[in-house]
Amino acid sequence: MAQKVVLITGCSSGIGLTTAVTLARDPQHRFKVIATMRNLNKRDKLEETAGDTLNRTLEIKQLDVCDEKSIQECIDSIPDRHIDILVNNAGVGMIGPIECQTIEEMKVVFETNFFGVVRMIKEVYPDMKKRKCGHIVVISSVMGLQGIMFNDVYTASKFAVEGFCESLIIQALKFNVYISLIEPGPVVTEFEMKAYEEAARGDYSGTDPVTAEMFTNMYLNNSKAIFNSLGQKPDDIAEHLLKVILAEVPPFRHQTNPIYTPLTALKHADPTGDLATDVFYKMVFRYDRLMHASLSCIKLMRWKAQKVQSGLKMLGLK
């Protein structure tokens, strides 16, 4: 079987880097990976991690999802512009009170997270339609399904992506082109941790004292607890993505963390939105101690489960 050409955006770190290397190291050599990044000066970590797959099953190219010329030049450099699987991973985050964020900063988030995805799809989708074959994967988020406090703009960009893909998939299937939204919860990466560290040192004088206190002491502390208890690793997301692209009929949506499924389903259980709003309000402002206790229990159970899995692997039983 011929290798499938997989182009991945945002491969300098995190999910993109790990996914690129995971696919390139596939024991059956089913993939030829085009790992792209905006700044090639940041390629060292990817090259080191890729090891002997570099320039064999993994090739690194420059691509800026915010630059149409850069996208076209990258795609044109691929033989016959043939891409079997496009993985839209490049993204940026933004957290904090909206009074402390400028409109220009918000536009930057949308330029990458939404319009970056649109630009990539516009470039590869026509070729996939001509071949009547292709798979477009988008690294979305559970925040593309449910809004989270102080993630207003980031959440909005992911909602936009979800709506765009939900509309596009109906016509895409007519051409045998699949679209899959991968929806992780919190993922522990250097990028995420750095963003939260910077947020803790931020200047929030642009908002009222109550909101500033709510963000710095409540939100950031809760986020730290959630990442420690529920956070997945980039390797986990890469494994989920591998299963999705190998599926005979790829799913449109795939959540990587089942713990979040009930929370994202709340809005569908009550069309008024009151149920979801009430649950999240009480979790944050009334039952925060219970939430922290629950997170500690989940963290302990996940640790025990990982120990059991490690033991099974050592015994060759998994």
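**Notes on strands and salt bridges**

1. Lys61 is buried, at a relative accessible area of 15%, where buried means under 20% relative accessible area, exposed over 50% and partly exposed in between, with a 1.4 Å probe and protein chains only. The model is predicted, so local features need pLDDT of at least 70 and side-chain atom pairs count only at pLDDT 80 or more, while totals for chains, interfaces and linings use all residues. Residues are numbered from 1 along each chain as its sequence is written, and side-chain values use heavy atoms, with hydrogens and water left out.

2. Lys61 and Glu59 meet through their side chains in a salt bridge at 3.3 Å, N to O, the term being a side-chain nitrogen of Lys or Arg within 4 Å of a carboxyl oxygen of Asp or Glu. Glu59, which is partly exposed at 26%, also forms a salt bridge with Lys32, with the closest N and O atoms 3.9 Å apart. Because Lys32 lies in strand β2 (residues 31-37) and Glu59 in strand β3 (residues 58-62), this pair ties together parts that are 27 residues apart in sequence; strands are DSSP runs (E, at least two residues), numbered from the N terminus.

3. Strand β4 (residues 85-88) has Ile85 and Val87 pointing one way and Leu86 and Asn88 the other, and all are buried. Strand β4 pairs in the parallel sense with β1 (residues 4-8) over three bridges, pairing requiring at least two DSSP bridges between the strands. Four bridges join β4 to β5 (residues 134-139), again running parallel.
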